[in-house]
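Me: I am new to this structure and would like a close look at one part of it. Could you walk me through how some of the helices pack and which aromatic rings pair up there?

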Amino acid sequence: KQWYQRRVAITAGNTEKTKLIKFNSNYETEDDHNVQFKIGDHKLKEVDSYCYLGMEIHKSGSFSQARTILTNKAMRALYSLKGTVNKSKLSFRSLTTLFDSLIKPIALYGAPIYTPDMHILKHIANFANNSTNISHSAFLRRISQLDSEKCHLHFLKWALGVNRKATNVGVWGESGRYPLIYECITLTIKYLKRIKKEKSTDCDSALIPLL
């Protein structure tokens with residue numbers, strides 16, 4: 001145990017920044033609850049979530065909090081863009097290029113990781129297979145309520161110069177753009193193909209069944 005603590009201390013670096021997350025802690029026993037993790041003599045602080053490489057990881061295993069945080073960051077960047085550019089001097093294509101270059105990478109950061117966790121995938125699959133009773137309008141309404149799509153639609157309505165209450169279907173059609181969830185799915189499939197093709201690490205191999 002002492003050797004392990006010394007070995008971890010070497011690789012961990014700054015112990016003050018090292019935190020402990022107990023996943024599915026609701027199922028831990030009393031003995032599990034009393035276990036303390038240390039690096040050397042430093043007791044690790046237990047937290048509910050931790051930001052690792054820009055991705056918020058929650059003890060529940062859900063990435064919903066991470067998606068919300070990324071969308072908030074994307075919205076702040078979008079407001080900054082709106083306050084910087086002169087929309088009347090740029091074409092719609094130029095505005096979408098700015099969005100795709102500056103805003104979309106923030107909103108879709110880590111998409112191959114969090115997309116498999118999204119409930120909307122089940123609805124998309126059922127809708128594609130005609131195995132659902134929900135209407136087209138209800139299906140599209142669910143897509144428009146996704147965090148990243150709220151940011152996307154906000155931009156499109158601003159770029160097109162329409163009212164923020166304009167119909168979302170009309171905005172998608174007029175702009176010729178698809179909801180961002182479909183790009184999330186594409187990125188996830190490409191990531192899965194890549195880790196299958198490349199020489200897998202133990203971590204990558206563990207992720208494949210989840211995707």
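Reply: Here is a tour of the helix packing and the ring pairs.

First, a word on the model: it is predicted, so local features need pLDDT of at least 70 and side-chain atom pairs count only at pLDDT 80 or more, while totals for chains, interfaces and linings use all residues. Residues are numbered from 1 along each chain as its sequence is written, and side-chain values use heavy atoms, with hydrogens and water left out.

The chain has 11 helices and six strands. Both kinds of element are DSSP runs numbered from the N terminus: helices are H or I with at least four residues, strands are E with at least two. Of the 211 residues, 29% count as buried, where buried means under 20% relative accessible area, exposed over 50% and partly exposed in between (1.4 Å probe, protein chains only).

Let's begin with α6 (residues 120–128) and α7 (residues 136–144). Their axes are 11 Å apart and the packing angle is about 150°. That makes α6 roughly antiparallel to α7. Axes here are lines fitted to C-alpha atoms, for helices over the stretch in contact, and angles run from 0 to 180 degrees between N-to-C directions. Angles under 35 degrees count as roughly parallel, over 145 as roughly antiparallel, 65 to 115 as roughly perpendicular and the rest as oblique.

Which residues make the contact? From α6 come Ile120, His123, Ile124 and Phe127, and from α7 come His136, Phe139, Arg142 and Ile143. Contact means heavy atoms within 4.5 Å. By class, the contact of α6 with α7 has five nonpolar, two polar and one charged residues. Ala, Val, Leu, Ile, Met, Phe, Trp, Tyr, Cys and Pro count as nonpolar, Asp, Glu, Lys and Arg as charged, and the others, Gly among them, as polar.

Now for the rings. Rings of Phe, Tyr and Trp (its six-membered ring) pair if their centres lie within 6.5 Å; planes under 30 degrees apart count as stacked, over 60 as edge-to-face and the rest as tilted. The count comes to three aromatic pairs. Phe127 and Phe139 form a stacked pair, 4.1 Å centre to centre with 5° between the planes. Phe127 lies in α6 and Phe139 in α7, so the pair ties together parts that are 12 residues apart in sequence. Phe139 is buried, with a relative accessible area of 4%. The buried residues of α7 are Ala138, Phe139, Ile143 and Ser144, and their cover includes α6, α8, α9 (168–175) and α10 (180–197).

Helix α8 (residues 147–160) holds both Phe155 and Trp158, three residues apart, about one turn of the helix. Phe155 and Trp158 are both buried. Ring pairs link Phe99, Phe155 and Trp158 into a cluster.

Helix α8 also packs on α3: the axes of α3 and α8 come within 8 Å and cross at roughly 15°. That makes α3 roughly parallel to α8. Among the contact residues are Ala74 and Leu78 of α3, and Phe155 and Trp158 of α8.

Finally, α3 (residues 64–84) packs with α4 (residues 92–107) at an angle of about 155°, their axes 7 Å apart. Helices α3 and α4 are therefore roughly antiparallel to each other. Ala74 and Leu78 are among the α3 residues that meet α4, where the partners include Leu98 and Leu102. By class, this contact of α3 with α4 has 10 nonpolar, no polar and one charged residues.
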